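Student: Please take a close look at one part of this model and connect that part to its surroundings. Give the cut-offs for your terms as you go.

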Amino acid sequence: MPKSMADYKWEVGTVFLDNNHFKDAIRAYAIHAGRNMKFLKNDSKRVRVGCLGAQNKCQWSAYCSYVRSRKIWQLRKLLDVHSCSREFKINIIKAKWLSETLDQTLIENPKLKINDVRELPFIIRRLVYYHCLLEFISKQIQTLLPLSLRRLVSTLSEV
Ligand SMILES: [Zn+2]
């Protein structure tokens, strides 16, 4: 996963470790792109995602499915063009999802002792979303502030 979801380029053929890995990437992308996404199909073999923008008429869609022969998940179909405009409100469900998954990470790792290396990608993924959300919120706040305060914020964030 790239450092910033702004640079994320969806490509047919991209491999994911499992369906959660794909869904997490979608969620992080949705937050960063300021778009509301919905899992239209979500079972043990396939996940299909659509964009809820433009009153559900946005054409953006992605389809990821399990490849049994390789025991991986792969992005099979993609229409990576939004016919909707950016949604500037933070979706409550996504914010709720983030706080729940972060809580879950803390429950699963009470002192964040990482004994099992397999836990690492999970934690790193959580940190990436958290970073995305913070970045998103700070951008939103900055657009709401008067210019004088905006300068102060950017000065502070450079410290
Ligand atoms: Zn869209």
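Tutor: A hairpin joins β2 to β3 through three residues. Strands here are DSSP runs (E, at least two residues), and helices are H or I runs of at least four, both numbered from the N terminus. The model is predicted: local features need pLDDT of at least 70, side-chain atom pairs count only at pLDDT 80 or more, and totals for chains, interfaces and linings use all residues. Residues are numbered from 1 along each chain as its sequence is written.

Strand β2 covers residues 37-42 and runs antiparallel to β3, with five bridges between them. Two strands pair if DSSP finds at least two bridges between them. Opposite Phe39 stands Val49 of β3.

Buried means 20 or more other C-beta atoms within 10 Å of the residue's own, with C-beta atoms placed from the backbone.

Take Cys64. Leaving out residues up to four places away in sequence, Cys64 touches Phe16, Phe22, Val47, Trp73, Gln74, Leu75 and Arg76. Contact means backbone-placed C-beta atoms within 7 Å.

Finally, the whole protein chain. Its pattern is β-α-β-β-α-β-β-α-α-α. Buried residues make up 14% of its 159 residues.

Methods: Two residues are in contact if their C-beta atoms, placed from the backbone, lie within 7 Å. A residue is buried if 20 or more other C-beta atoms lie within 10 Å of its own, exposed if 12 or fewer, and partly exposed in between; C-beta atoms are placed from the backbone.
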